[in-house]
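The following exercises are to be worked through with the sequence and the model in view. Each task is followed by a solution in steps.

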Amino acid sequence: MSEPVPFGDRLEAVFAAYGRLCVGIDPHASLLAEWGQPDSAEGVREFGLRAVEAAADRVGIVKPQVAFFERHGAAGYAALERIMGEARDAGLLVIADVKRGDIGSSVEAYGDAWLRPGSSLEADAMTISAYQGLGSIEQVMVAAEEAGKGVFVLAATSNPEASAIQRAVLQQSSRAGSTVAGAITSGVVAWNQGRADASTRALGSAGVVLGATTDLALAGIDTNSEPPRPGLPVLAPGFGHQGGELSDLRLIYGSLAAGVIVSESRSILAAGPDGIADAIARRADQVGAVGV
Ligand SMILES: O=C(O)c1cc(=O)[nH]c(=O)n1[C@@H]1O[C@H](COP(=O)(O)O)[C@@H](O)[C@H]1O
């Protein structure tokens, strides 16, 4: 069997071919109504399939938010499986926004669900939480790497309530004195640097979530030093609806800008089923014009 292509390499190829815009697939009840779809499993399926159709060949990445499918139980999950399958068949990288975390043995099962080749919920990467310690998700990171998959570990999230916990300073461990967000970020950088072929990689396969609306310096994230090698994938929600400005991208992410994935959901989905393709193309151009 041939070796899987590392997720970081696949992401790098997508950046080169399509740029760094990621379309979030978040079928909020209000958006379903605007799209003329029922608030049901059938509605989220149609919504997601149309979003995938519009995204294909215009961008390289989509990020379905599982919560909006889970609302509809097993049928919602069936819809999500279909949408992720169609997206991957269309050549899109799929980041499953599931934000899972638990003790190691349980979180491994989440990794198996979302990242195992052949799983009905197979994605290319998943969002994951290290609230139980970076060590708790280590086995998921190992399995992801072996399968050519990626993880995005929550570090400094875009919601304002997050800062008190994420900016708290560690008292113990080798990273004592770092903020929680800083320790997670440097831990993920170190993980990428510890891979066997790290020196040949442009981008690592493990990334972090750093929201565009948060002050990264206050969160203890270093955006001034030399960029990490391999580069750090950064899932960056918060642009668009939450108020982050694309024109500030370089200012916000500094030396981490090269790894940034601009992820927007509502600002694009609000264009409706007839306008979404144009909205994606327009936003992809705007993101490209930032010139990271
Ligand atoms: O992991 C995420 O994607 C995420 C992390 C974060 O810090 N903030 C954040 O908004 N998200 C997700 O990104 C999407 C943002 O949606 P919009 O605000 O509509 O662009 C939602 O699916 C959120 O769950």
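**Exercise 1.** Determine how the axes of helices H6 and H7 are oriented relative to each other.

*Solution.* The axes of H6 (residues 104-115) and H7 (residues 138-147) come within 8 Å and cross at roughly 25 degrees. Axes are lines fitted to C-alpha atoms, for helices over the stretch in contact, and angles run from 0 to 180 degrees between N-to-C directions. Angles under 35 degrees count as roughly parallel, over 145 as roughly antiparallel, 65 to 115 as roughly perpendicular, and the rest as oblique. H6 and H7 are therefore roughly parallel to each other.

The crossing of H6 and H7 is right-handed; a crossing has this hand if the near helix is turned clockwise from the far one, and is left-handed if the near helix is turned anticlockwise by less than a right angle.

On the side of H6, Gly-104, Val-107, Glu-108, Gly-111 and Leu-115 take part, and they meet Gln-139, Val-140, Ala-143, Ala-144 and Ala-147 of H7. Contact requires that the C-beta atoms of two residues, placed from the backbone, lie within 7 Å. By class, the residues of this contact divide into 6 nonpolar, 3 polar and 1 charged. Here Ala, Val, Leu, Ile, Met, Phe, Trp, Tyr, Cys and Pro count as nonpolar, Asp, Glu, Lys and Arg as charged, and the others, Gly among them, as polar.

The model is predicted: local features need pLDDT of at least 70, side-chain atom pairs count only at pLDDT 80 or more, and totals for chains, interfaces and linings use all residues. Residues are numbered from 1 along each chain as its sequence is written.

**Exercise 2.** Describe the packing of H3 against H5 and against H12.

*Solution.* H3 (residues 41-55) and H5 (residues 73-89) pack at an angle of about 10 degrees, with their axes 9 Å apart. They are therefore roughly parallel to each other. Among the residues of H3 in this contact are Val-44, Gly-48 and Val-52, while those of H5 include Ala-75, Ala-79 and Ile-83. The contact of H3 with H5 has 9 nonpolar, 2 polar and 3 charged residues.

For H3 and H12 (residues 272-290), the axes come within 9 Å and cross at roughly 35 degrees. H3 passes H12 in a right-handed crossing. Arg-50, Ala-51, Ala-54 and Ala-55 of H3 meet Pro-273, Ile-276, Ala-277 and Ile-280 of H12. These residues divide into 7 nonpolar, no polar and 1 charged.

**Exercise 3.** Which residues come nearest to the ligand, of the 21 around it?

*Solution.* They are Thr-157, Ser-158, Pro-237, Ser-265 and Arg-266. A residue is near a molecule if its C-beta atom, placed from the backbone, lies within 6 Å of it. Strand S7 (234-237), strand S8 (260-264) and helix H11 (266-269) are the elements that give two or more residues to the shell. Helices (H or I, at least four residues) and strands (E, at least two) are DSSP runs, numbered from the N terminus. By class, the shell has 3 nonpolar, 14 polar and 4 charged residues.

**Exercise 4.** Locate the cis peptide bond and the positive phi of a residue other than glycine.

*Solution.* The bond from Arg-229 to Pro-230 is cis, with omega near -5 degrees. Pro-230 is placed in the loop between strand S6 (206-210) and S7. Lys-99 has a phi near 45 degrees, and its place is in strand S3 (residues 93-100).
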